[in-house]
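Colleague: Could you take me through this model? I would like to begin with the overall picture and then turn to details.

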Amino acid sequence: MLGLNKKDFSLFVFVTIFMALAPIIFNLFPTDSALGFFNGGYPDMMQRFAIFAIFAIGFNILFGLTGYLSFGHAAFLGVGSYAAVWMFKLLGYNIIPAIVLSIIVSGLFSVLIGWISLRRSGIYFSILTLAFAEMSFRLAYSVLTPLTNGETGLQVYNDDPQIMAGANSPDAPHLFGIKMNSASTINVGPWDFTFPVGYYVCAILMLISFYLSIRIFRSPFGLMLRAIKSNQTRMAYTGLNPRPYTLAAFVISGMYAGLAGGLLAAMDPLAGAERMQWTASGEVVIMTILGGAGTLFGPVLGAGTIKYLENVFSKMNEGLLHSWFSFLPDWLEAPVVWLISAFTGEGWHLTLGALFMVVIIFLPGGLVEGFQRIWKSTRRKTSGDDDANAKVTPAE
Amino acid sequence: MTKSSFTRRGLLKTGAIAGAGLALPTIFTSRANAYMNEPKGGTVTLGFNVPQTGPYADEGADELKAFQLAVKHLNGEGDGGMLNTFSSKALTGNGVLGKKVAYVTGDTQTKSDAARASAKSMIEKDGAVMISGGSSSGVAVAVQGLCQEAGVIFMAGLTHSNDTTGKDKKANGFRHFFDAYMSAAALAPVLSNQYGKDRKFYMLTADYTWGWTQAASMKEFMEGEGWNMVADVKTPLASTDFSSYLTPVLNSGADVLILNHYGGNMVNSLTQAVQFGMRDKQVNGKQFEVVVPLISELMAKGAGKNIEGILGSSNWNWKLQDEGTKAFVKSYGTEYGVPPSQAAQTCYVQTLLYADACERAGSFDPCAVVPALEGYEFDGLGNGKTLYRADDHQCFKDVLVVQGNDKAQNEYDLLNVFETTPVEKVMYEPDNPFFAGGDLGQCNSGA
């Protein structure tokens, strides 16, 4: 189906269903219950999940297939955002030109950076991309202020030209009149499910990106990229020039990042330079590795996990912890709250760090590997005999 | 060519689906809201979005304490603080409109992006009807824009840029704090009295909206006093080391250094300027002076002895002797054991003003709250008689010129009120060129 083999197609269908039902899956708990705190099914969180999934899928095409670890991908995200906001300012709030331009501009930008950085491989490549991203970040803050509005962030003002905007166009990013920030909420008993327009736009683009990434993974081009990862020198000896392939992979993943940046701006029409900072580049590396680099589903899983944990942990403040642990005796409550508060609120990065270490040490293949192990062990339990018979193949 | 076949089974199936479809609306009861996040239960949620990390983290922590104190007082706990001295008596310590006040907090990280994400989750997830806080104008402008789009009220915390109620003003946003223009208008006559008419000044400016408007205002007013500007150098907000920016100052021929820095930035730049011996230098036959147009107690504490004798301006100081200030300092001191900073005062007052406006409007609907605050005159909140001007949602009140205390009794006694500039001296028209170009637009209730 759709040019995919059976296994890939079922993965794609699974992801499609997951994305379609995400507003329900992320809102497992009734809104007003104590566990309602753990809900993540509000528009901003789900949009970020879909957008960062696109970012990570794109990053995985470069890192997962060729093994080139770019530490500067946030630069493309930022450039995409700036391009999109400029389109909003000049043309109007329709997201189509904004997203198209953000992909084109970040594509061109990645050709430039890729052309230079890909002259080196390994750690030198990583440092070069990191340097370029930091340079872009600093430029956006200082010299390029007329273009980026510096620290304040680029935003749309009432006196901007918006030449394509008609008299009745919505005053927020929209797709032919359907506003991105509109949503319909459905109440089922104590549950409130919000179905935001913006999220579904992101989800559809994310599914298209995911499909393209499957096709790239399974194509001869993808095989060539894997060959670069396994041994670039050997590939060169067989008479193949690896550079066009790596550059193509770099540009494709840069365009994915541009799409993600454009979508970020389409969901919230403000572009800040912090998006290009090295921490943002690091985030996508962590997402990809946490989920499982080189796997199809890993980046999506990593993006979802990190965005969800960020949403939950960064919102736990001390007041909330005190109310949770109020059942403990006073002498025990204070140290418990103190200990946990170091890992929550503004300290949630500690939690992320700990989780990352655990995954790297025990599951080098990322969360996907964890699920595969669980899957295998359950299958072994249910149909142990068949598996055992099938496994004993090597005759010695 | 069409082929249609009715079978009993097919008909039953269709009927069942259609029936389910018709039944759906009765399962899904839609709770229609008259406006964004209309509080339905016994509580109303406010969102306090303050920097907990980054260069303004100290201010953020103080703001959060003030917000928590305000919520206590609104809910009738504690001694009531400024509720007792406030000229409006609509608030009775019984929550707001009979609903208990609850709050959620978030970290802006002093970054526009992060602040907007945090405010968004407060609005979308926690159902906040009002967002307050912010210790940076860049953040305040970004979050104010978001609140306008989302349809909730934004009560700005510490933001001093002209743009917040100038170029970037929004119908749903209100600012109690004073602005860069008022600082410059209050400081200029004092500076030329103290340091003479014939001075050359050099400015280091934090490179974002606040710094830009602060520098432009200082330039305008100091040149009006006959001073000459040598240079205005922009420094990134994230810098911690200013030595490379300070080195050229002494060779530039300038005899006054104006630091348009705030928070941790100012602590570092002032400390380094003092370490460079700038305050002991004689240039052009005159004593070299350092001026910090916007000073807060927390910055003074950070800068320690270096702040002694330095002139600047403040929105409020805990040593003022009016009833409102005394009541606030007393209840803040009882709660936290330290006197409040100006950031704390403005955040506390903003929360009270919002609650009072809801109470007077009889609704949390932003489009009812906005008219209740517009053109509202009040007193008893520590700044004397104050007006919330309808044209730009800016408060007009007296401005304090403060000086670093050289005879500090304790670690909180760091600033002295040098002069109180009456509001008439700092008042400006809404179409003043420093504030032109903005448009309030219409209030948005998000319905």
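Modeller: The discussion below concerns a predicted model, beginning with chain B and moving on to chain A.

Colleague: How many helices and strands does chain B have?

Modeller: Chain B has 13 helices and 17 strands. Its C-alpha trace spans about 105 × 60 × 35 Å along the principal axes. Of the 447 residues in chain B, 56% are buried.

Colleague: And what share of the contacts in chain B with a separation of 6 or more comes from residues 24 or more positions apart?

Modeller: Such pairs account for 72% of those contacts in chain B.

Colleague: Which residues of chain B does UniProt list for a domain?

Modeller: The UniProt entry, which is unreviewed, lists residues 43-407 of chain B as "domain: Leucine-binding protein". In the model, that span is 41% helix and 21% strand, and its end C-alpha atoms lie 48 Å apart.

Colleague: Let us turn to the sheets. What is the strand order in the open sheet of five strands?

Modeller: The order is E2-E1-E3-E4-E5 in chain B, and the pairing is parallel. Strand E2 (100-107) and strand E5 (173-175) of chain B are the edge strands, each pairing on one side only. From one strand to the next, the twist averages 25°.

Colleague: How many bridges are there between E3 and E4 of chain B?

Modeller: Strand E3 (residues 130-133) of chain B pairs with E4(B) over four bridges, in the parallel sense. One of the residues involved is B:Met130, whose bridge partner in E4(B) is B:Ile153.

Colleague: Which helices lie against these strands?

Modeller: Helix H11 (residues 342-361) of chain B packs on the sheet and touches E3 and E4 of chain B, with its direction at about 160° to that of E3(B). Helix H3 (residues 112-124) of chain B lies across strand E1 (43-50), E2 and E3 of chain B, and runs at about 175° to E1(B).

Colleague: Back to B:Ile153: is this residue buried or exposed?

Modeller: B:Ile153 counts as buried, because there are 30 C-beta neighbours inside 10 Å. The residue lies in strand E4 (residues 153-156) of chain B. Leaving aside residues up to four places away in sequence, B:Ile153 touches B:Val129, B:Met130, B:Cys147, B:Asn172, B:Tyr354, B:Pro366 and B:Val369.

Colleague: What about E12 of chain B: which way do its residues point?

Modeller: From strand E12 (residues 311-314) of chain B, B:Leu311 and B:Ser313 point one way, B:Gly312 and B:Ser314 point the other way, and all are buried. Two bridges join E12(B) to strand E11 (residues 289-294) of chain B, and the two strands run parallel. B:Ser313 is the bridge partner of B:Leu294.

Colleague: And the open sheet of three strands, what is its order?

Modeller: That sheet has the order E13-E14-E15 in chain B, with antiparallel pairing. Strand E13 (376-378) and strand E15 (395-396) of chain B each have a single partner strand, so one side of each is left without a neighbour in the sheet. Strand E14 (residues 386-388) of chain B is joined to E15(B) by two bridges, and B:Tyr388 stands opposite B:Cys395.

Colleague: Now chain A. How do H7 and H10 of chain A cross?

Modeller: The axes of helix H7 (residues 197-218) and helix H10 (residues 242-267) of chain A come within 11 Å and cross at roughly 175°. That makes H7(A) roughly antiparallel to H10(A). The contact is made by A:Gly198, A:Cys202, A:Leu205 and A:Ser209 of H7(A), together with A:Tyr256, A:Leu259, A:Leu263 and A:Met267 of H10(A). By class, these residues are six nonpolar, two polar and no charged.

Colleague: Where does phi take a positive value in a residue other than glycine?

Modeller: A:Gln162 has phi near 45°, and A:Phe176 has phi near 50°. A:Gln162 sits in the loop between strand E1 (154-155) and strand E2 (174-175) of chain A, and is buried, with 20 other C-beta atoms within 10 Å. A:Phe176 lies in the loop between E2 and strand E3 (178-179) of chain A, and is exposed, with 8 other C-beta atoms within 10 Å.

Colleague: Finally, how many residues does each chain give to the contact between chains A and B?

Modeller: Chain A gives 27 residues and chain B gives 31 residues. On the side of chain A, helix H2 (43-66) and strand E4 (183-188) are the elements that give two or more residues. That side has eight nonpolar, twelve polar and seven charged residues.

Terms used. Residues are numbered from 1 along each chain as its sequence is written. Chains are lettered from A and ligands numbered from 1 in the order in which they are written. This is a predicted model: local features need pLDDT of at least 70, side-chain atom pairs count only at pLDDT 80 or more; totals for chains, interfaces and linings use all residues. Two strands pair if DSSP finds at least two bridges between them. Two residues are in contact if their C-beta atoms, placed from the backbone, lie within 7 Å. Ala, Val, Leu, Ile, Met, Phe, Trp, Tyr, Cys and Pro count as nonpolar, Asp, Glu, Lys and Arg as charged, and the others, Gly among them, as polar. Axes are lines fitted to C-alpha atoms, for helices over the stretch in contact, and angles run from 0 to 180 degrees between N-to-C directions. Angles under 35 degrees count as roughly parallel, over 145 as roughly antiparallel, 65 to 115 as roughly perpendicular and the rest as oblique. UniProt positions are given in the numbering used here, feature names are shortened, and annotations may be inferred rather than shown by experiment. A residue is buried if 20 or more other C-beta atoms lie within 10 Å of its own, exposed if 12 or fewer, and partly exposed in between; C-beta atoms are placed from the backbone.
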